[in-house]
Amino acid sequence: MQIDAIEIIDSKNSTLKMTPDEKIVVPGETATYKFRVTNIGNFADTAYLSTSLSKKAESLGWSATILDTKFKKIDNKVALGEVTGFRNGGTGPGVYAEVILNVTAPLTAQVGEYLPITVTAVSAGDAGKSAMIEFITRIGLTHGVAAQVLPAEQNIHAGESAKYAVVVKNTGSAHDDFTLSPTMESAAVAAGWTYSISDASFSIPPGRFYSAILTVNAPSGAANESKAKVNITATCVQSPDKKSNASSTTTVKAKVDGVKVAADRYSANTPSGTSVAYEITVTNTKIPGTDNRTDNISLTAMPVPEGWNVTLKNMSGAAASNVTLGPGNSTKLTLTITVPLTALAGAELATIVKAISGNNAAAFDSIVVVTRITGIVDVMIECDNVAKNVEPGTSVAYSLRVRNFGTDWDTIRLSTNVLPTGWNATLSSTSATLKPMDYKNVTLTITAPSTAAPRTYILTNVKATSATDPDEYDSIILNTTIATYDLNITSKYGKTEEYVLPGGAASYVLVINNTGTTSDTQRISVSIPQSLKAMGWNATIDKTTVTLDPANTADVLLRVTAPINATASSSASVTVSASSASSASKPSVTRTLSTVTHVFDYVTKDVDGDGAKEFAVDKDRNATNGYEYFMEYPGSSNITHMIKSVDLNSDKKLEFLLGRGLASNVPVKYWDPNRGILTDINHSVGMDNDSKPEYFIDTTGAGKPTILYDMENGTWLPVLVMDVNGDGKPDYLVDENKDGIYDKYHDPAGEEGNYAVVYYDEKTGTYSSAPPAEKTPFGTLMGALGAYWYLLVLMLAVVILGFAVYGARKK
């Protein structure tokens, strides 16, 4: 598994330099990182992805999201195929997936703050294989401003005023000051037009808005269609070259009777995050009898800046974009303005409610209500680590952050509770005067008495109180504990015993756990008896030290390798020790874990004559079924491999059919490792007419075949070796029906694949390549007498001789 940032990979997919990727953003902005997860292993795999975003960073408003290249959120895992070319002996490049990481900074982030995020990819196939890369998102010092006038244009009557919302956004990363500089065209000024701005200078936190009111007054004698344009420039005081321009155009229209708009009040104050309501009255001013038409009057309420909400509803609660009124009639509406929580104290919004007659578009009227945001008092105190350890007689420091979450300047006072005798608490500052959304870092130092006992703890309550409103406060409790040092070591998957092949290696994932109360560095070592080292056993670990916070863990990979000549069924006990780093004030603590690695039972034999022995291994550790796994000696000059394992002698144990070369499917050797028998497989025939060879195999080591094996269907037939064709050479007789009578024979000295019928003489119990001859009556008689005919002949000869002797004596 390999993980690299795309930006540091060249066109040939070669890693150029493994350095963290860093980007600078402003508060509220998102940094996008693209990286590549590559499978550099030999098999298809899945990478599980995770980020190091802490709960604390999340609580501060930071976020980190893993996406695919189409910016769709993924379930934190990516599938990776097999490494290209591996099966043909290639080495890659690996199959990869491109992934997006989006890191978003909070609006409250301050210049200089940064967030390191580590993305880790872990192999699903082997949890011990992983890769990681770090990205750093930093809040940089930038200045910027964006201004707009809402709405950009208005129509009014002569002698009336138009009010506009001038909205200014701080687009930089610093809490800056801004000024507004309005100017009106000289021709409008000469015609008697005037203007004013409610607030020409103010301070805005990064990413936030402020709004002021621009008022444009038309002279009472202004001509119809006369205009006045006001240009406004917003300037950042800290960086005067950062400016933004906006403008408004006000047009005078002739007053036409027909519509009137009024409000119960024309201004209101409300805190940010709340709503304020105005009662609006719309009247059809036509006099009954002079114009009796009903009028469908259209209504608008604007502007609606970013984050604000403006609604206009009738008394039934339905949205009112128009009302229908008869002459002289009126209706009441509710205008509700909701202020965003991020709105700054002192900001104002001018909301225009305009009514236009449906009977005559030239008849219109409008009013302006001004909503002013009042201040909110809100303080916060926070600490990244509220629980720390300290050694007796020493001190520990807590970094506190005091924030003014109010909408106005405030002085925040800090205090602590009284600590037990011997303990001491010191604040680097007892107050902080802050503008809205600003913060100050304060250090609290806790000193422990030299006589404090281990695991003793105290709770320190740090209180932050607003000077503007003493009833508004926040507090945080810090837990300081006298340090203890302890650890344990366990097997991650409960595995402390493993079996390996000769020359093989066992892997154990061990877990080091800091069970003490303070951060500590553990030293890790592995020991193996010298006698086992002398035999060639070896043990390694991938880490020799780990530094852990309390309750945190680290994985350590232990690898135990057996020598190629390890004794069958032998074993090695390996001990891993983890020790707490010791000092004068903290004694060393050591924990150990032992593993036992066994070598499978096996036998060896040089089956291919290259001087290197091959292995038959009892890999399932079941002695009743013998050896089922074949292994070539590493580095052997002759490559021998097992084509098939099969029981050919009915002893319920497997034997091996071996071939030469990895691509060969022709067996040339029969090895029974259970009885130590190794024979050559020299002859094959097409006995069953399927064009596939069968093999004559000697399963006893007697130098002659005992079976005919059909590797295609996995069956075998008994074989008897004898000369049946009279050429003085052995022939191979095959019992096709397994009924004890041999039916065919093969002459190994003849043509490959030839076979013929063999005849069995039931009377004599013999086999021949030719059928037995027909018999004469005499022959039948002699055959009936069987092996006793010569005795009858001898008896007859004795009788005849007796008669001859008797006749001679009588003469």
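Guide: Buried means under 20% relative accessible area, exposed means over 50%, and partly exposed lies in between. The model here is predicted.

Visitor: How many salt bridges does the structure hold?
Guide: Side chains of opposite charge can pair when their charged atoms come close. Counted over the structure, the salt bridges number 16.

Visitor: How many residues apart in sequence are the parts that E225 and K253 tie together?
Guide: E225 and K253 form a salt bridge, with the closest N and O atoms 2.7 Å apart. E225 sits in the loop between β16 (209-217) and β17 (227-236). K253 sits in the loop between β18 (243-252) and β19 (259-263). The pair therefore ties together parts separated in sequence by 28 residues.

Visitor: Is K253 buried, partly exposed or exposed?
Guide: Buried would need under 20% and exposed over 50%. K253 has a relative accessible area of 24%, so the class is partly exposed.
Visitor: And E225: buried, partly exposed or exposed?
Guide: The same cut-offs apply: under 20% for buried, over 50% for exposed. The relative accessible area of E225 is 40%, so E225 is partly exposed.

Visitor: Which strands does the pair of E279 and K332 link?
Guide: E279 and K332 form a salt bridge, with 3.6 Å between the closest N and O atoms. The two residues are 53 apart, in distant parts of the chain. E279 is in residues 275-284 and K332 in residues 330-338, which are strands β21 and β25.

Visitor: Which residue forms a salt bridge with K495?
Guide: K495 counts as partly exposed because its relative accessibility is 30%. The closest N and O atoms of the salt bridge are 3.1 Å apart.

Visitor: Which residues do salt bridges that share partners join into one network?
Guide: Shared partners build one network from E382, R401 and R403.

Visitor: Which side chain makes a polar contact with that of T640?
Guide: T640 lies in strand β49, residues 640-646. T640 is buried because its relative accessible area is 7%. Leaving out residues up to four places away in sequence, T640 touches V607, D608, F630, E632, L658 and G659. The 2.7 Å polar contact joins the side chain of T640 to that of D608.

Visitor: Are the rings of Y33 and F135 stacked, edge-to-face or tilted?
Guide: The count of aromatic pairs is 12. For Y33 and F135, the ring centres are 4.8 Å apart and the planes stand at 35 degrees. Stacked needs under 30 degrees and edge-to-face over 60. The pair is therefore tilted.

Visitor: How many residues apart are Y33 and F135?
Guide: Y33 and F135 are both buried. Y33 is in strand β3 (residues 30-39) and F135 in strand β9 (residues 130-139). The pair links distant parts of the chain, at a separation in residues of 102.

Visitor: Which residue forms one aromatic cluster with Y33 and F135?
Guide: Y33 and F135 are buried. The cluster they form has one further member, F35.

Visitor: What is the area of the nonpolar surface patch made by Y457, L459 and I477?
Guide: L459 is placed in strand β35, residues 457-466. L459 counts as partly exposed because its relative accessibility is 44%. Patch residues need over 30%. With Y457 and I477, L459 makes a nonpolar surface patch of about 320 Å².

Key. Residues numbered from 1 in each chain as written. Predicted model: local features only at pLDDT ≥ 70, side-chain atom pairs only at ≥ 80, totals over all residues. Heavy atoms only, no water. Patch = residues over 30% accessible without salt bridge, like charges linked within 9 Å, V, L, I, M, F, W, Y side chains within 5 Å. Areas by Shrake-Rupley, 256 points an atom, 1.4 Å probe, with all protein chains shown as cover. Salt bridge = Lys/Arg side-chain N within 4 Å of Asp/Glu carboxyl O. Helix = DSSP H or I, 4+ residues; strand = E, 2+ residues; numbered from the N terminus. Buried < 20%, exposed > 50% of the residue type's maximum accessible area, 1.4 Å probe, protein only. Polar contact = N/O pair within 3.5 Å; in protein donor to acceptor, adjacent residues only side chain to side chain. Contact = heavy atoms within 4.5 Å. Phe/Tyr/Trp six-rings, centres within 6.5 Å; stacked < 30°, edge-to-face > 60°.
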